[in-house]
Amino acid sequence: MNDSLFIVCAGEIFELKAELNSDKKEKKKEAVKKVIASMTVGKDVSALFPDVVNCMQTDNLELKKLVYLYLMNYAKSQPDMAIMAVNTFVKDCEDPNPLIRALAVRTMGCIRVDKITEYLCEPLRKCLKDEDPYVRKTAAVCVAKLHDINAQLVEDQGFLDTLKDLISDSNPMVVANAVAALSEIAESHPNSNLLDLNPQTINKLLTALNECTEWGQIFILDCLANYTPRDDRESQSICERVTPRLSHANSAVVLSAVKVLMKFMEMLPKDLDYYGTLLKKLAPPLVTLLSAEPELQYVALRNINLIVQRRPEILKHEMKVFFVKYNDPIYVKLEKLDIMIRLASQANIAQVLAELKEYATEVDVDFVRKAVRAIGRCAIKVEQSAERCVSTLLDLIQTKVNYVVQEAIVVIKDIFRKYPNKYESVIATLCENLDSLDEPEARAAMIWIVGEYAERIDNADELLESFLEGFHDESTQVQLQLLTAIVKLFLKKPTETQELVQQVLSLATQDSDNPDLRDRGYIYWRLLSTDPVAAKEVVLAEKPLISEETDLIEPTLLEELICHIGTLASVYHKPPSAFVEGSRGVQHKRLPGSAGSGESVESPDAGSAAGVSEAPPAVIPSQGDLLGDLLNLDLTPPTTTGPPPPSSGMQMGAMDLLGGGLDSLMGAGFGAPPAAMPASFSAPVSGGLDDLFDLGGGVGMPMGAYSPPKTVWLPAMKAKGLEISGTFARRSGVIQMEMTLTNKAMSVMTDFAIQFNRNSFGLSPAGPLQVLTPLSPNQSIEVTLPLNTVGPVMKMEPLNNLQVTQCSFRLNVM
């Protein structure tokens with residue numbers, strides 16, 4: 001009967017049951033095939049479990065395979081009935097045919113049922129010591145599967161020790177499977193030290209490496225990569241024996257061999273002849289990988305990206321291999337482009353630039369953008385090529401293609417950062433394209449250029465004012481850049497742009513609901529109002545030059561990724577712990593110390609013991625330290641109580657650069673610091689964020705010296721004759737509500753009380769309202785109510801709305 005007809009002609013359950021119990025062997029085999037076909041298309045044939053298990057008693061290998069396949073699929077849903085098959089497994093494990101013995105032990109490992117695992121230990125033990133290597137290699141993998149089901153049982157039965165013994169087996173495939181099983185178990189138990197690698201074990205693995213299958217070679221190479229040689233001689237010896245794997249037809253074997261060599265090269269002295277030879281041998285296999293289909297090319301390119309970051313000299317003469325082909329998929333094109341930039345040098349930059357200029361005329365918009373950015377990266381990386389890169393970018397700007405022009409402006413900004421006062425002659429050309437910019441990043445870049453070089457642009461104020469017209473429609477990135485650029489312009493041309501800076505500060509602080517923009521606006525306002533010299537030092541400070549490679553992977557992470565070449569981690573460029581869910585213990589691997597440093601993975605302190613001082617790797621600060629590091633502020637109180645050090649700039653009594661215009665700009669609720677302050681007000685300045693936001697009294701002002709004037713909160717006509725005016729102030733660190741109660745009625749008022757509704761800040765009275773009653777007609781009284789912030793919180797609209805009930809009258813205090 002044709003196998004292709006089974007899915008179409010699958011019979012009903014009762015018909016199959018009858019055929020499975022037939023006396024004829026051929027009919028029984030055909031029935032099992034029909035069952036498997038039905039199972040494959042998703043039909044539930046679990047009702048036939050006992051009938052299929054009865055078919056196990058046969059010498060026909062094909063039939064036995066089919067029955068075992070059915071068992072693996074349904075044993076979990078029928079655990080009680082699966083026990084019926086245990087005797088057959090035990091019997092098959094002693095069958096004269098090694099194929100049947102191996103089949104039985106493989107199926108035993110795949111039946112994930114706790115009830116029957118203990119019955120399988122004895123057959124597994126026999127198979128691990130079977131005379132046939134095919135059975136032994138199958139049993140080795142079965143131990144790893146059994147360990148996943150019941151780890152304690154495997155340890156109690158001594159299977160792990162038997163697996164370790166199999167590493168010394170005479171058959172290379174048995175060795176490879178034993179290594180694979182131990183590696184699998186070790187990954188789930190990283191502290192178990194199952195793979196106790198030593199020179200003798202490594203020698204056995206290297207011997208088996210030449211004779212086992214390609215997947216066996218991958219298991220062994222991955223195991224070798226976890227070994228740390230004792231010295232550079234052993235490292236060279238291992239490299240010499242692994243190098244032939246670079247010419248293997250399987251790309252996975254090649255990448256695993258590259259991983260081993262990249263790791264052990266760290267221990268070789270660079271002046272060694274073999275080191276140079278090894279570098280030359282690594283290039284051809286990596287180049288060969290790029291002739292495969294696109295998917296394999298992408299995986300190879302992602303790995304090459306890591307290798308080039310660690311050792312660019314390996315592929316420095318292979319630039320042409322990474323030139324983009326017209327039929328490459330976009331993901332391959334972008335990856336090749338990235339590697340081209342990493343390999344760019346003074347020797348090949350002319351070739352690279354010519355290629356990139358061609359790419360910039362392609363039809364694929366994303367690829368063109370990347371190509372233009374790549375030209376900018378070349379200028380930053382290879383200083384000798386900067387002028388040629390700028391010329392190329394100007395040529396591209398002349399094409400007037402919108403997205404090309406915008407990308408070119410973005411990268412020219414970076415070139416200005418890298419080479420200040422060198423290529424400013426192109427600014428006029430950039431300004432001609434101002435009206436065509438519609439992308440936030442390009443607009444922000446152009447605004448930065450105008451603000452940075454405002455003294456060289458005659459109509460800088462007009463250019464920035466044109467951006468200011470649609471300030472609220474711009475993205476946050478553009479708004480922030482525009483605010484800073486106008487402040488820069490003001491500091492360079494104060495007399496001409498005072499109105500412009502007041503306008504942008506008003507838009508940023510009063511009309512914006514973006515906290516970043518508001519905070520920056522307030523900081524600039526305070527700087528400009530109190531100390532113009534300090535403002536210039538901060539805003540017009542010399543910019544640090546941008547680094548040659550801003551997108552390099554952090555060194556510690558790169559080391560770990562090199563140890564994971566050929567795995568998903570090398571494709572994602574993330575450590576396994578970042579994307580493997582539920583990993584019980586992820587080992588963070590790193591490269592061994594370079595030759596002569598005496599450092600190794602096992603003994604990270606060995607380098608310092610040998611007298612070699614090594615700078616600690618830069619790490620991202622913890623969340624608590626981040627704010628202080630970013631703002632470079634001392635977040636602790638000052639330790640000295642003496643007078644403040646004299647200011648390096650102007651005295652605090654200096655004139656206000658903004659000419660007092662900020663009083664009206666900030667509105668009645670916010671007071672600007674006075675233009676000049678008496679010397680007696682020079683209180684010690686506290687450290688940290690208090691100084692920025694005046695939480696402790698402000699720069700050069702006594703604690704709580706300023707509070708907004710009182711405003712009428714409740715008119716008398718709305719409150720039956722009681723008028724309430726007030727303000728909020730901070731006195732000695734305590735928030736206070738200061739009120740004036742005026743009785744404009746004809747009768748006496750008594751029994752005052754106050755209640756706060758839920759508000760955005762959790763404000764509530766810290767004590768009862770103390771009013772000297774009675775309050776006679778036309779009498780006024782001053783009342784101070786201390787507040788705390790432990791009350792119930794509820795977001796109000798607007799945020800600073802506070803509802804208070806006093807003497808049965810509700811106040812809406814804004």
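This is a predicted model: local features need pLDDT of at least 70, side-chain atom pairs count only at pLDDT 80 or more; totals for chains, interfaces and linings use all residues.
Residues are numbered from 1 along each chain as its sequence is written, and side-chain values use heavy atoms, with hydrogens and water left out.

**Nonpolar cores**
- A nonpolar core here is a set of buried (under 20% relative accessible area, 1.4 Å probe, protein chains only) Ala, Val, Leu, Ile, Met, Phe, Trp, Tyr and Cys residues joined through side-chain atoms within 4.5 Å.
- The largest one has 211 residues, and Tyr70, Leu124, Leu205, Leu356 and Phe416 have the most contacts inside it.
- Helix H28 (residues 476-492) gives this core its largest share, 10 residues.
- There's also a second, separate core of 23 residues, with Leu741, Ile754, Val783 and Leu787 among them.

**Packing around Phe416**
- Setting aside neighbours within four places in sequence, Phe416 is in contact (heavy atoms within 4.5 Å) with residues including Trp448, Ile449 and Tyr453.

**Helix H15**
- Helices are DSSP runs (H or I, at least four residues), numbered from the N terminus.
- In H15 (residues 214-224), the buried residues are Gly216, Gln217, Ile218, Ile220, Leu221, Cys223 and Leu224.
- Those buried residues pack against H13, H14, H16 and H17.

Technical notes: Buried means under 20% relative accessible area, exposed over 50%, partly exposed in between (1.4 Å probe, protein chains only). Helices (H or I, at least four residues) and strands (E, at least two) are DSSP runs, numbered from the N terminus.
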